[in-house]
Amino acid sequence: MLNLSVILPIYNEAESIPLLFNKIFETLKGYQYEIIAVNDGSRDTTWAELKKVAETNKNTKIINLKRNYGQTAAINAGIQYSSGEVLVLLDSDLENDPADIPRLLSKIEEGYDVVSGWRKNRWQGQFLSRKLPSLIANMIISKISGVYLHDYGCTLKAYRREVIKDVKLYGQMHRFVPIFCKWQGGNIIEMPVNYQHRIYGKSNYGLFRIYKVMLDLVLIKFLDKYMHRPIHFFGGAGILSFLVMFLSTALAVYFKLTHQKDFVQTPLPTIAAMFFIIGVVMILMGILAEIQMRTYYESQNKFPFTIKEKVNF
C-alpha cells in the first residue's frame, strides 16, 4: 500500500471544508495517508474550521501561513512538510473530486511518475469566453515546453516524491510542475477526471491571469534552454542588436554618399546608437548571468545534471 500525502492549498473556503474532508476521509479508507492542509492567509473562518478537522482526525496536519502568498507558495509549503512517497495535490473548492484519487494512484502503481488530471468537461456552454482561451493557452504551453497536456490548470495531480522533492516553486509556477518533473526524467500521463461546479464561494481565477501564465511560460522556456548557458541568450540578443546597428549605419552612410539625405535628416544614426548601447548591455548581462549561474551551483555544491540510476557505487 502506498504511503500517501494529500496536499490542500486553501484560501477562503470555510464553507467547503466539512464536505471536502468528509469526501477525502471516505475515499482514503484503507490507505496509509496524511493530509497537509495549508491555509493561505484566509480572511474567513477557514483556520478555525481546519482546527476542528485536525482535532477529530490525527492524519490531518494543518499549516497556517502568515498572509496570502498565493497557491504556488501554499503548495510548496505542503510539499516541504509532507512525508508520503506519493504526493497528491487537490483543490479545496470541491471542483476536484476526491473520489478520483484512487484512479490516479492506480496509474502511479503502473509505473508512472506523474499523473495529471484533465477536466475534460469543464467550461461547457462557455466555449468562446472560457473554453477557447483555455484550449489556446494549453496548446501554446505544450508546444513551447514539449510536454503535451490538455489541462495544465488542473490542480489534481499525483507525483512520486523523487520527481518533485527537488522542484523549487516560485511566483505562480504550480501549473508548470509537470514540466519541471519531465526535465528530471519523470514519466507523465494525463487522465480525465471529474469536474464539479463549486458549491460555495466564487472562483479566484479569471481571464486576466492569462498574461501572467504567458510571462511565466517565457521564464520556463528560458530556464529550460538557457539556465546553464545564459550568455547564449543575452549574447544572441546583443549580436542581433549589433546587426541592426550596422545595417542602420550602412544605410545612413549610403544616403549621405548618394546625396539623398544628410545624417540629421534621417533617424538612422539615432537608431544605430541606440542598438549599439542595447547590444553592449545585453552582452554584459550575459556575462553577469554566467557568473551568477556558476555562483548558484558552486556555492551549494550543486550540479547541472540529475542522475537517474547508479550501479555498484
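**Cores, sheet and helix packing in the predicted model**

The largest nonpolar core comprises 31 residues, and Ile164 and Phe176 are those with the most contacts inside it; a nonpolar core is here a set of buried Ala, Val, Leu, Ile, Met, Phe, Trp, Tyr and Cys residues joined through side-chain atoms within 4.5 Å, where buried denotes under 20% relative accessible area, exposed over 50%, and partly exposed the range in between (1.4 Å probe, protein chains only). At least two residues of this core are supplied by each of β2, α3 (71-80), β4, α6 (161-164), α7 (177-183) and α8 (210-226), with helices (H or I, at least four residues) and strands (E, at least two) taken as DSSP runs and numbered from the N terminus. Apart from this core lies another, of 30 residues, which includes Leu4, Ile35, Leu50 and Leu156. Phenylalanine 176, when residues up to four places away in sequence are not counted, touches Ile141, Val213, Asp216, Leu217 and Ile220, contact meaning heavy atoms within 4.5 Å.

The model is predicted, and local features therefore need pLDDT of at least 70 and side-chain atom pairs count only at pLDDT 80 or more, whereas totals for chains, interfaces and linings use all residues. Residues are numbered from 1 along each chain as its sequence is written, and side-chain values use heavy atoms, with hydrogens and water left out.

An open sheet of seven strands, in the order β3-β2-β1-β4-β6-β5-β7, shows mixed pairing, two strands being paired if DSSP finds at least two bridges between them. Strands β3 and β7 (188-192) form the edges, each pairing on one side only. On average, neighbouring strands of this sheet are turned by 20° against each other, direction ignored, where axes are lines fitted to C-alpha atoms, for helices over the stretch in contact, and angles run from 0 to 180 degrees between N-to-C directions.

Within the sheet, strand β1 (residues 3-10) is largely enclosed by the rest of the structure, because seven of its eight residues are buried. Strand β1 runs parallel to strand β2 (residues 32-39), to which eight bridges join it, and isoleucine 7 stands opposite isoleucine 36 in β2. With strand β4 (residues 86-89), β1 pairs in the parallel sense over four bridges, serine 5 standing opposite leucine 87 in β4. By contrast, β4 and strand β6 (residues 157-160) pair in the antiparallel sense, also over four bridges, and leucine 87 stands opposite tyrosine 159 in β6. Serine 116, which lies in strand β5 (residues 114-118), is buried with a relative accessible area of 0%; leaving aside neighbours within four places in sequence, serine 116 is in contact with Leu149, Asp151, Leu156, Lys157, Ile189, Glu190 and Met191.

Turning to the helices, α1 packs on the sheet and touches β1, β2 and β3, its direction making about 160° with that of β2. In helix α2 (residues 46-56), the buried residues are Thr46, Glu49, Leu50, Val53 and Ala54; seen down the axis of α2, these residues fall within an arc of 140° and so line one face of the helix, the arc being that of the directions from the helix axis to the C-beta atoms. The buried residues of α2 pack against β1, α1, β2 and β3 (60-64), whereas the face turned away from its buried side carries the exposed residues Glu55 and Thr56. Helix α3 is mostly covered, eight of its 10 residues being buried, and what covers them includes β1, β2, β3, β4 and α6.
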